[in-house]
Amino acid sequence: MGKKYNQLRREERSEISILLGRGCSIREIAKVMKRSPSTISREINKNRRRKRASGGTVKGKYEAIVAQQKAYVRRRRSKYQGKKITENKELKEYIVKMMV
């Protein structure tokens, strides 16, 4: 049986935000939360607030509320994409045909 992956909960995102504010490293945060350092790193990079600058995007601050909203929207979009296929008979037939 394969590994079971759990999405981060709102409380965990708050904990990440607090620990980052205290200056903890990604490895320290992962140890406290009993999560992989790569999980924490991906969470911070994917869901932090982005600041726009004239020269491009600048890395922004990680905020739990923003992170939770971004993760929620990402999950909703992924579910919608799957519905496009199941609700469109012609599209589904085309995809099945091309996979064979």
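**Helix 1 and the chain around it**

The chain exposes about 8,500 Å², of which carbon and sulfur atoms supply 53%, the accessible areas coming from the Shrake-Rupley method with a 1.4 Å probe and, for residues, only the protein chains shown counting as cover. This is a predicted model, in which local features need pLDDT of at least 70, side-chain atom pairs count only at pLDDT 80 or more, and totals for chains, interfaces and linings use all residues. Residues are numbered from 1 along each chain as its sequence is written, and side-chain values use heavy atoms, with hydrogens and water left out.

Me: What makes up the chain, in helices and strands?
Reply: The chain has five helices and two strands, where helices (H or I, at least four residues) and strands (E, at least two) are DSSP runs numbered from the N terminus; from that end on, the elements run α-α-α-β-β-α-α.

Me: How do you know that the span of helix 1 agrees with its number of residues?
Reply: The expected span is 1.5 Å times one less than the number of residues, so the 12 residues of helix 1 (residues 10-21) should span 16 Å, and its end C-alpha atoms are 17 Å apart, which agrees.

Me: Which residues of helix 1 are called buried?
Reply: They are E12, R13, I16 and L19, buried meaning under 20% relative accessible area, exposed over 50%, and partly exposed in between (1.4 Å probe, protein chains only).
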